[in-house]
Amino acid sequence: MPKRAQMIFIVLIFSFSARTMPETERDDPVFVGYEGCQMCHRDEFADWRRSKHAKAFELLRPGNRKVAKKRAQLDPDKDYTTSNKCLKCHTTGYRESGGFINIDDTPTRIGIGCEMCHGPGSDYRKIHKSKPLSFSRDEVMTAGQVYGSTDPEVCNRCHKNKDAPMNPRIDKEYEFNLEERLKNTRSFHKYYKSKGHGTPNVQITEHLE
Ligand code: HEC
Ligand code: HEC
Ligand code: HEC
Ligand code: HEC
């Protein structure tokens, strides 16, 4: 096909599929992976990379955390990296649009990525870009962003989920008090010190050295 015809063909296909796609499907935000955030949020990215959340996929490999697995009546020598029973809490966006499929096809959705705590990013990241210092919480929330510091479900849906094999029935160490976690640890960001915290409008963030 000549180049020009090819181009027209592509444009036609594109507008056709855009028109026939149901509204809801086209509008729902999808997962973009950490590479959709890291260029703008370098400190958070570097910090997250070192965090236990980023490395949580490794826990599913055979031989890791043997004692804890035995105590939870799991097989310490089994490979759980493809198990439906585990992936929704140890990867990013499992079974959701743009989310984890498998190690080879979606290497940047391994582990608990940014979007597991901030929501699937395809839409709100555009707002961060277009109005960096003036977006409101309402508008980013409408675009799918969630706030773990004000919405308990963000952390609790993993940490207080009865489907988790590591839970307080096995050992008290798995008890999860959200208030304490948010106050006393820097488990989500070592550098976390947002002045915008809890207020309707975002303000510039200070980072601890
Ligand atoms: C084009 C640059 C850019 C991209 C891409 C981007 N952000 Fe942002 N983001 C910003 C800016 C600028 C701010 C406002 C200043 C700040 O809080 O650091 C911000 C703020 C935030 C905040 C704080 C919001 C608040 O109300 O306090 C979070 C959380 C956040 N971004 C997460 C993400 C995540 C997760 C992604 C990837 C899905 C992402 N951002 C992609 C630029 C970006
Ligand atoms: C509903 C969410 C959820 C599911 C499903 C889930 N996990 Fe987890 N997992 C968690 C949470 C939350 C923790 C952290 C618990 C803590 O430290 O308080 C965790 C921790 C772990 C740990 C570390 C425990 C320790 O004490 O070192 C291992 C190993 C683990 N999970 C393996 C698995 C395996 C294997 C599966 C599937 C059979 C699985 N998880 C399914 C949420 C889940
Ligand atoms: C385990 C949950 C968790 C993960 C994973 C996570 N964050 Fe956050 N992050 C939070 C919470 C909670 C806050 C406080 C604001 C809120 O409630 O959303 C926050 C705040 C922020 C802020 C506001 C500025 C600051 O540093 O205080 C930015 C920007 C941000 N996160 C970006 C990211 C990026 C980029 C990633 C991935 C590289 C990421 N986060 C991964 C939980 C998380
Ligand atoms: C997608 C599931 C998931 C979400 C969402 C999640 N966590 Fe976790 N979290 C885990 C798993 C799995 C581990 C176990 C990591 C390990 O043992 O190595 C963990 C470990 C932790 C730890 C202990 C490790 C550390 O770094 O000190 C804390 C504290 C924690 N999470 C707090 C939070 C908070 C606060 C939020 C919400 C802002 C949150 N988590 C959201 C799954 C999750």
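# A loop and a ligand shell in a predicted model

Gly 99 lies in the loop between helix 5 (84-90) and helix 6 (114-118). Helices here are DSSP runs of H or I with at least four residues, strands are runs of E with at least two, and both are numbered from the N terminus. This is a predicted model, in which local features need pLDDT of at least 70, side-chain atom pairs count only at pLDDT 80 or more, and totals for chains, interfaces and linings use all residues. Residues are numbered from 1 along each chain as its sequence is written, while chains are lettered from A and ligands numbered from 1 in the order in which they are written.

## Overall make-up and confidence

The protein has 10 helices and 0 strands. Of its 209 residues, 18% are buried. A residue is buried if 20 or more other C-beta atoms, placed from the backbone, lie within 10 Å of its own, exposed if 12 or fewer do, and partly exposed in between. Two residues are in contact if their C-beta atoms, placed from the backbone, lie within 7 Å. Among contacts between residues at least 6 apart in sequence, 52% join residues at least 24 apart.

The mean pLDDT (the predictor's confidence in each residue, from 0 to 100) is 81, and 75% of the residues reach 70 or more. Over residues 1-25 the pLDDT stays under 50, and the model has 3 contacts beyond four places in sequence for them. Residues 191-209 also have pLDDT under 50, with 28 such contacts beyond four places in sequence. Where pLDDT is low, the predicted coordinates should not be read in detail.

Gly 99 is buried because it has 22 other C-beta atoms within 10 Å. Beyond four places in sequence, Gly 99 is in contact with Phe 31, Thr 92, Gly 93, Tyr 94 and Arg 109.

Thr 91 and Thr 92 are found in this loop too. Thr 91 has 25 other C-beta atoms within 10 Å and is therefore buried; Thr 92 has 27 C-beta neighbours inside 10 Å, so it also counts as buried.

Val 32 lies in another loop, between helix 2 (23-27) and helix 3. With 22 C-beta neighbours inside 10 Å, Val 32 is buried. Its contacts beyond four places in sequence are Gly 98, Gly 121, Ser 122 and Arg 125.

The table gives C-alpha distances for pairs that involve these residues.

| Pair | Separation in sequence | C-alpha to C-alpha distance |
|---|---|---|
| Thr 91 and Ala 54 | 37 residues | 8.8 Å |
| Thr 92 and Val 32 | 60 residues | 9.7 Å |
| Val 32 and Gly 99 | 67 residues | 7.5 Å |
| Gly 99 and Arg 109 | 10 residues | 6.3 Å |

## Nonpolar core

The largest nonpolar core has 7 residues: Phe 57, Leu 60, Tyr 80, Cys 86, Leu 87, Phe 100 and Ile 110. Such a core is a set of buried Ala, Val, Leu, Ile, Met, Phe, Trp, Tyr and Cys residues joined through C-beta atoms within 7 Å. Phe 57 is in contact with His 90, Thr 91, Ile 110 and Gly 111, leaving aside neighbours within four places in sequence.

## Two residues with positive phi

Most residues other than glycine have a negative phi, and most peptide bonds are trans. Arg 65, although not a glycine, has a positive phi of about 50°. Arg 65 is found in the loop between helix 3 and helix 4, and is partly exposed because 16 other C-beta atoms lie within 10 Å. Arg 95 is not a glycine either, and has a positive phi of about 65°. Its place is in the loop between helix 5 and helix 6. With 11 C-beta neighbours inside 10 Å, Arg 95 counts as exposed.

## The shell around ligand 2

Ligand 2 is surrounded by 22 residues, the closest being Ala 68, Cys 86, Cys 89, Asn 161 and Ala 164. A residue is near a molecule or strand if its C-beta atom, placed from the backbone, lies within 6 Å of it. Helix 4 (66-71), helix 5 and helix 9 (153-159) each supply at least two residues of this shell. Helix 5 gives the most, with 5 residues.

By class, the shell around ligand 2 has 13 nonpolar, 4 polar and 5 charged residues. Ala, Val, Leu, Ile, Met, Phe, Trp, Tyr, Cys and Pro count as nonpolar, Asp, Glu, Lys and Arg as charged, and the others, Gly among them, as polar.
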